[in-house]
Amino acid sequence: MARAAVLGRLTWRVVTVGAVVQESERAVTLTLESEERITHRPGQHVDVRLTAEDGYQAERSYSIASAPDDPSVSLTVERIPDGEVSPWLTTVAEPGDQFEVRGPVGGYFVWDDSDPAPVLLVAGGSGVVPLMSMIRHRRRRDLHTRMRLLYSARGEPDLLYRTELDELAGDGFDAVYTLTREAPPEWEGYRRRIDAPMLAEVRPAERGKGTVFVCGPTPFVEATANSLVLLGHEPARVKTERFGPSGGGS
Amino acid sequence: MSLDGNVLAGALADIFSFEITAAQVTCAGCGTQAPAASWVVFAEAPGMVARCRTCERVQLRLVSDGRGRTWVDLSGVARLEVGETR
Amino acid sequence: MSSARGVVTRGFRGKRAGAEHSRIPPGQYLVSDFPVLSAGPTPYLRPDGWDFRLVGTDGGQLARWGWTDFRALPHETVTCDIHCVTKWSKLDMRWEGVSLDVLLEGVLPEAAYAVAFSEGDYTTNLPVADITDGQAWIATGYDGHDLEPEHGGPARLLVPHLYFWKSAKWIRGLRFVERDEPGFWERLGYNNYGDPWREQRYWGD
């Protein structure tokens, strides 16, 4: 029985890798070129689909790292050991290679730049990627909304975008770091997993006001979101995005 | 490991004309109202399962056969509200 | 809608191991690890809280085993290949468990169909003809160790000749029915029977 395929609002489109930049030992930023300009909102992600020669396919979601006003979209991907897709993106992809993306998508985990409320961004590992899009967008549009990043990583070499974050500091934005496994002797940031006392010290706004975006591995997000709610943040103003193997980020 | 409703955005954008993750959904089991982004999602293709974060009851199930057919069961959602939250 | 086959990405193979094999059904790929797929959170069941029940067509209990009784039944080692509908296959897996023929001995009702029910809300349906005569087990271990919770422990159904979603994890019993009752995935697009050799993944396949 012949049946017309349902035409989706979104289709897979082919992108070509433009540039590949190693951000850290495990993370790579890929800039993507496409026929039609891809426009996104800060915080959104795309679904990436790779197809092997024999037709085998795998799909995963990756957050967009670039600002909406940037000429091209870029993704920062962290290699998951034994991952399905991230090993190709981080160790094989070269300029000129092609794959498909669907999106950008995500209407929840986006920063509305017309909201004047102060913003706290809390990143666990590669969860910093969608938050970086928000930070870059704020700079591109020369916005003055108070914004602070609290960024947790295992060690200093795992911190992404460090130089850029240092340069962006000032004019209402700053970054605070915490290392959870090892820190260099001269380290001046925090040295432990994010907890309620740290969040209480770091948040840029009065108790409960402002928007918080939390992104990282599922256990990190759950612990952080719980602490924020215990500290008095309104749950509806704490937005979360969980990364993990299969689906988001491997 | 489970993810959250954000990971469904792409698959559901293929079917629905509105952005699902920002939609307010009401669980048919416990009545909790929350953004679909808050769902606990088990996203193993070809079947995705989204559960209520409060009571774990299945909210949405999606199966896509990769050849143009998709099935969606939303019987765990009592109500969906789309549009700007005030 | 998504195209069936996208642009080919140079150098991409995924995690797959090795070349194709005559023991691998159409559309499947060999894997070396043991992927975990779930429709819900992993239940952690204590043995003293576990039982396995057989329920008749009238809803009445036909038989019941607690953990200790179950472990006292004759267990056998089954070497088989398994095929998941998500396209991975594993060959020569060594499972340990109790044959359903042992459990059904003397209590098998007249029904043509069964519904396997698990901890939580997962169900899957099978013809009785496919779970008797040495085709199905309740498995409690593989590769010489106890079945971990994430793989369905303490006990899962094992029906290797069908796609692996039919081998219900965290199984708690079988309910016999006169008319076939599609289960959790069968109601939503997965094939009602699920023969990997005829590539019966979805409705209408």
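**Reading a predicted model: exposure, backbone, sheet and contact**

Q: Is A:Asp142 buried or exposed, and how many other C-beta atoms lie within 10 Å?

A: A:Asp142 is exposed, because 7 other C-beta atoms are within 10 Å, and a residue counts as exposed at 12 or fewer. Please bear in mind that this is a predicted model. As to its place in the chain, A:Asp142 is found in the loop between α2 (128-140) and β8 (147-155) of chain A.

Q: Where does C:Asp92 lie, and is it buried or exposed?

A: C:Asp92 belongs to strand β5 (residues 88-99) of chain C. It has 9 C-beta neighbours inside 10 Å and therefore counts as exposed. C:Asp92 is likewise a residue other than glycine with a positive phi, of about 55°.

Q: Which residues are joined by a cis peptide bond in chain A?

A: In chain A, a cis bond links A:Gly103 to A:Pro104, with omega about 10°. A:Pro104 is placed in strand β6 (residues 98-105) of chain A. In chain C, the bond from C:Gly153 to C:Pro154 is cis, and its omega is near 15°. C:Pro154 sits in the loop between β9 (145-146) and β10 (156-158) of chain C.

Q: How is a sheet read, and what is the strand order of the open sheet in chain B?

A: One reads the strands across the sheet and then asks how neighbours pair. In chain B, an open sheet of three strands runs in the order β3-β2-β8, and the pairing is antiparallel. Strands β3 (33-35) and β8 (77-81) of chain B each have a single partner strand, so they stand at the edges and one side of each lacks a neighbour in the sheet. From one strand to the next, the twist averages 25°.

Q: How many bridges join β2 of chain B to β8(B)?

A: Four bridges connect the antiparallel strands β2 (residues 24-27) of chain B and β8(B). One pairing involves B:Gln24, whose bridge partner in β8(B) is B:Glu81.

Q: How many residues do chains B and A bring to their contact?

A: A contact is read from each side in turn. Chain B supplies 21 residues and chain A supplies 23 residues. On the side of chain B, the elements giving two or more residues are β1 (3-4) and α1 (9-13). The most comes from α1(B), with three residues. By class, this side of chain B has 11 nonpolar, six polar and four charged residues.

Key:
Residues are numbered from 1 along each chain as its sequence is written. Chains are lettered from A and ligands numbered from 1 in the order in which they are written. This is a predicted model: local features need pLDDT of at least 70, side-chain atom pairs count only at pLDDT 80 or more; totals for chains, interfaces and linings use all residues. Two strands pair if DSSP finds at least two bridges between them. Axes are lines fitted to C-alpha atoms, for helices over the stretch in contact, and angles run from 0 to 180 degrees between N-to-C directions. A residue is buried if 20 or more other C-beta atoms lie within 10 Å of its own, exposed if 12 or fewer, and partly exposed in between; C-beta atoms are placed from the backbone. Two residues are in contact if their C-beta atoms, placed from the backbone, lie within 7 Å. Ala, Val, Leu, Ile, Met, Phe, Trp, Tyr, Cys and Pro count as nonpolar, Asp, Glu, Lys and Arg as charged, and the others, Gly among them, as polar.
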